[in-house]
Amino acid sequence: MIKETLEKIEQLRDKTLLAIKDSIYVEAVNDIRVKTLGKKGELTTVLKQMGSLAPDERPIIGAKANEVRETVETAILEQTAKLKTLRDEQNIKKETIDVTLPGKRRPLGKSHPLRVVLEDLKDIFRSMGYTVVSGPEIEEVRFVFDMLNTPAGHPARDESDTFYINDDVVLRTQTSSVQIRAMLENKLPIAIISPGRVYRRDEVDATHSPVFHQCEGLVVGKDITFADLKGTLETFMKRLYGNSVRLRFRPHQFPYTEPSAEVDLSCFKCGGNSDTGDSGSAQSGYCSFCKNEGWIEMLGAGVVHPQVLINCGIDPEIYSGFAFGVGLERITMMRYEIDDMRLLYENDIRFLRQF
Amino acid sequence: MNLSLKWLNDYVKIDIPVGDFAFGMTMSGSKVEKWTDMSAPLEKIVCGKVVSIEKHADSDKLWVAQVDVGTGENVQIVTGAQNVTAGVLVPVVLEGGVVFNRTDGSVLKIKRGKLRGIESMGMMCNYDELGLTIADLPYADPNGILLLDGDPEAEKLSPGMDITEFLGIKDIAVEFEITNNRPDCLSVIGLAKEAGATFNLPVNIKKPKFTGISGDLELTVSVENKSLCSRYMAAVVKNVKIEPSPRWLAERLRASGVRAINNLVDITNFVMLEYGHPMHAFDKRYVEGDEIIVRNASDKEKIVLLDGEERILSGEALVIADSKKPIAIAGVMGGEFSGINDDTKEVVFESACFDGVSVRKTAQRIGRRTESSSRFEKGIDPANAENALLRALELVELLGCGQVIKTIIDEDFSQKEPVRVKYDYNRINAILGSDISETDQLEILSRLGFKKEDGHIVVPSIRTDIKLECDIAEEVARIYGYNEIGATLPRVLSEIEASKEDEFLKKTGIIMQGQGCHETMTFSFISPKAYEKAGVSVTADESVVIRNPLGEETGVMRASMLPSMLEVISRNYNNRNPDGRFYEIGTVYRRAISDKNDALPTESKILCIGLYGENEDFLSLKGLVEELNERFEIKARFTPLDSDNSYHPGRCAEISASGDVIGIIGEAHPSVAENYDIGTRIYLGELKTEKLMQYSRENPRFKALPKYPSMTRDLSLLCDLETPAGKVAELISAAAVNLERLTLFDTYSGSQIPDGKKSLSYKLIFRKSDSTLTDEETDKATARILRTLEQKGINLRV
């Protein structure tokens with residue numbers, strides 16, 4: 001009886017091991033395990049029959065059955081692992097794709113290049129403690145001209161230069177009107193920039209537009225000096241163009257500032273190296289950016305004219321200030337080397353995608 | 001302003017390279033645009049003496065000359081000119097030299113060559129080849145070679161001498177860009193003073209003097225409008241001889257960009273350039289009644305000007321009149337008979353001071369801006385009128401072109417008291433942030449002609465721009481050097497609070513870009529016809545009209561963003577860009593009907609969206625807006641709208657939040673698309689950013705993640721075809737208990753669905769926040785929803 005049972009177990013073992021070895025699917029191996037080792041499996045059934053064995057035979061059969069179980073389990077694990085590796089290899093091979101195909105994209109939109117520059121400017125000035133303020137584009141003449149020391153009869157007020165809605169209302173020609181409004185609020189000190197649209201009666205061409213954007217700045221407080229203006233603009237320009245740029249201040253004239261300056265930047269294209277002091281002939285190494293002058297005109301600035309302060313109810317004996325204005329189009333066109341201003345307002349998507 | 005360096009050197013000796021001069025002047029405030037070598041491109045042109053000349057053996061017209069050019073060895077030149085004889089002095093272009101081509105003015109380089117077999121080593125030339133005219137060299141024969149023997153200064157010539165030097169072509173013209181506040185720098189003397197101050201050099205300007213003859217003026221002057229004419233000076237010159245001007249004068253005019261005409265005319269131009277004061281010369285025989293009256297024109301008074309055109313004047317114009325008629329428009333231009341002619345015998349010189357604004361307005365009205373008017377409009381020093389007149393009379397005597405009557409008329413109503421500015425050197429440093437000693441400041445100021453007197457700075461009358469302490473500060477700073485002043489940073493923190501709008505709009509832009517929309521920027525003015533084209537209704541009362549637009553296309557401030565966006569899409573579509581997603585946060589301008597005239601129009605910002613292309617439809621547009629709403633936590637409702645003419649009546653929705661309309665989206669009305677030549681469907685949206693901001697949650701608050709499991713039910717509902725899905729969703733939401741999320745995953749109509757009905761399939765996710773939801777609770781909640789729907793005729797699809 002014991003011999004029969006042992007033979008039966010061994011036969012089962014041999015049959016099962018053979019079946020495992022012949023399996024080509026992981027699932028088939030799993031089936032074999034269930035069939036052999038499961039609750040109702042063949043080996044289990046054999047073990048269940050042990051009750052009918054003599055007590056001294058039981059340990060022998062039990063030991064044998066456990067040995068076979070271990071053998072089968074090991075065989076199953078090995079075969080499963082082997083088959084899985086094989087299957088994975090096949091799957092991977094089957095799933096291999098051409099990674100040089102173009103990607104599927106959800107393209108992002110882009111900011112208008114003028115916005116990119118404007119946000120840069122705002123970030124720079126915010127970090128320097130300035131507040132960004134805005135005001136109406138259709139503005140009262142007194143805020144655009146009168147209070148900015150540009151009296152009636154001044155050429156800037158001509159209908160050939162300025163758009164009028166009526167005698168008292170114009171499209172603002174600079175955003176200084178916003179500064180006037182800010183000064184009238186009489187919260188001192190003031191440190192603001194007023195970016196925005198301005199209007200001048202220029203026909204559209206490659207370098208002119210009747211609508212364009214300015215960013216003007218104003219600081220009013222105690223002991224504000226021309227030197228402060230210089231330091232501020234130097235910091236601004238270095239943040240915008242990098243620490244290697246140099247600034248040059250030239251005397252100029254604006255009705256609302258005195259002293260006034262025009263500010264040149266060392267050419268960021270040629271680094272100002274073509275500053276030969278020699279105008280005229282185009283030699284090799286000609287810099288079309290600065291026309292070999294080494295400097296690029298960037299902005300206008302000055303110490304706030306005392307009359308402007310008085311106009312806004314600020315005592316020039318106690319307070320002083322400086323102001324500056326820079327054209328966004330100019331910075332934008334130079335930054336991206338855009339050669340025609342019209343492109344900025346045509347909004348062709350092939351243009352807009354580039355920034 | 002073109003400045004002849006040679007002329008400048010009459011007053012101040014500039015012996016530095018022109019580049020350094022230009023740089024120095026620019027940095028002290030007189031900006032140099034460029035400079036031009038007046039003799040360029042002329043090269044290697046010398047005086048030659050014709051030693052001998054003989055007929056070319058092989059030509060009837062050509063001559064062969066041996067010319068002494070000062071090198072010790074004669075050069076052989078073949079010429080076709082017939083006026084050259086042995087012994088004459090001629091300009092010779094040597095081999096390798098450059099002249100102008102007399103036929104077309106192009107640049108001509110002279111090479112050695114053979115003419116009919118005979119070698120020619122250069123060229124003799126005439127005035128046009130030197131870039132000059134007969135007016136420069138009146139003794140020249142236009143058809144031959146310039147024979148220098150006829151020159152008044154011929155005795156100075158010798159073979160080999162540089163001809164450009166001799167003829168005064170060798171000069172450098174420096175072009176200045178002078179700011180409007182410095183009319184005094186639009187003159188040689190003004191710039192000489194600036195150069196003197198800039199380079200700290202002595203400036204030598206003498207007060208002009210004339211001798212004059214006694215005699216009767218036979219002229220009276222009366223100024224009726226003294227506020228527009230603060231000074232009127234006049235002098236009479238008799239026995240006038242009209243001749244060409246001498247070379248030194250002509251060459252200075254030429255370098256300044258002014259053509260020489262004749263001595264009298266040249267003198268007025270010369271003085272204007274030298275002193276910056278416009279003058280006029282009248283032919284006295286046309287001054288009827290020997291009387292000059294400075295008065296306003298009578299209304300519709302006519303005058304024929306020097307340019308031959310008749311102008312009709314208004315009463316605001318100031319004229320110079322004789323007893324019968326206006327003979328000039330003050331400060332702008334003379335009348336047709338007032339000019340100097342070849343037979344002029346007596347001249348009246350006018351040197352006056354007219355009001356700048358008045359001159360500018362008049363010049364504008366008659367459409368004729370002149371050198372004179374542009375100088376007057378910047379403001380003129382009455383004291384300088386005298387310098388100019390005296391200088392003109394001095395020149396008349398120097399040139400011998402007439403006799404000056406000693407008596408001068410001077411009607412002077414001008415302010416004589418010089419401007420005085422209170423001075424404290426500390427205040428100047430306080431403005432500049434500098435530390436310049438009083439001595440240094442005063443030294444700078446004295447270089448500029450300012451004096452210190454009793455704690456004040458006395459301003460020279462020519463400096464009409466200096467009135468205040470800050471003006472003095474600029475004077476000190478610009479000569480001291482703007483770039484010598486330090487750079488500091490102010491320590492201020494703005495008291496003005498930042499508006500939240502800026503950040504909100506920036507976020508809005510980022511959300512739009514995240515969804516593939518490109519930002520556009522368009523003009524704020526549009527054509528008034530654009531509204532109709534885009535189906536926008538704006539009444540004339542609301543429209544902000546520009547009084548002086550550049551053209552009709554840009555005639556009104558836009559009251560809607562749609563025309564701008566449609567133009568963008570139209571342009572892109574017509575440029576064959578297959579698709580596009582755009583947005584612009586633009587301002588629209590509208591006059592409220594109740595507004596009074598003096599109120600400013602309202603300006604509000606609109607987020608305008610425009611989409612077109614194969615993959616776009618209404619729902620992709622709506623998705624964009626939903627995404628935006630979700631990011632800002634705006635609870636928005638979309639309601640069908642069929643009454644907006646810009647939009648497709650069946651594909652348009654009004655968006656509202658808390659019952660307030662915040663925007664509109666939809667497909668463009670087919671006729672609008674057609675109006676803009678767009679052959680594809682366009683999807684447009686307009687959202688009021690102010691409203692978006694109002695209904696957005698400023699600070700999103702954290703909601704705890706769910707702790708208990710959810711239950712899901714799918715419902716397929718049958719409803720009328722016309723029933724909006726949004727309505728069904730609203731009914732479900734209203735009836736639901738513990739409903740966490742409702743998603744429409746399928747809509748269907750067709751076979752298996754009764755006619756006039758559609759199927760809507762929803763997934764409902766239920767969840768309780770404080771305990772596990774049971775099956776029974778979920779079934780109860782679902783049943784409750786279904787009961788509500790049944791009451792509205794919406795049933796479970798079976």
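Here is a short chat about reading chain A and chain B of this predicted model.

Biologist: Let's start with chain A. How many helices and strands does the secondary structure come to?

Modeller: Chain A has 12 helices and 10 strands. For the overall spread, look at the radius of gyration: chain A comes out at 42 Å, well over the 20 Å that the globule rule gives for 355 residues, so the chain is more spread out than a compact globule. The C-alpha atoms fill a box of roughly 130 × 55 × 40 Å along the principal axes.

Biologist: And what share of the residues of chain A count as buried?

Modeller: That's 40% of the 355. A residue is called buried when 20 or more other C-beta atoms lie within 10 Å of its own.

Biologist: Over to chain B, then. Is helix α5 mostly covered or mostly uncovered?

Modeller: Mostly covered: 7 of the 9 residues in α5(B), which spans 247-255, are buried. Among them are B:Leu249, B:Leu253 and B:Ala255.

Biologist: What do the buried residues of α5(B) pack against?

Modeller: Their neighbours in chain B are β1 (2-4), α1 (5-8), β11 (172-177) and α6 (263-275). After the helix comes B:Gly257, with a positive phi near 85°.

Biologist: Now the open sheet of 5 strands in chain B. What is the strand order?

Modeller: Read it as β12-β15-β18-β19-β20, with mixed pairing. β12 (220-223) and β20 (333-334) stand at the edges with a single partner strand each, so one side of each lacks a neighbour in the sheet.

Biologist: How many bridges join β15 to β18?

Modeller: There are 4, and these two strands of chain B run antiparallel. One example pairs B:Arg295 with B:Val319 in β18(B).

Note on methods. Residues are numbered from 1 along each chain as its sequence is written. Chains are lettered from A and ligands numbered from 1 in the order in which they are written. This is a predicted model: local features need pLDDT of at least 70, side-chain atom pairs count only at pLDDT 80 or more; totals for chains, interfaces and linings use all residues. A residue is buried if 20 or more other C-beta atoms lie within 10 Å of its own, exposed if 12 or fewer, and partly exposed in between; C-beta atoms are placed from the backbone. Two residues are in contact if their C-beta atoms, placed from the backbone, lie within 7 Å. Two strands pair if DSSP finds at least two bridges between them. The radius of gyration is taken over C-alpha atoms; the globule rule is 2.2 Å times the number of residues to the power 0.38.
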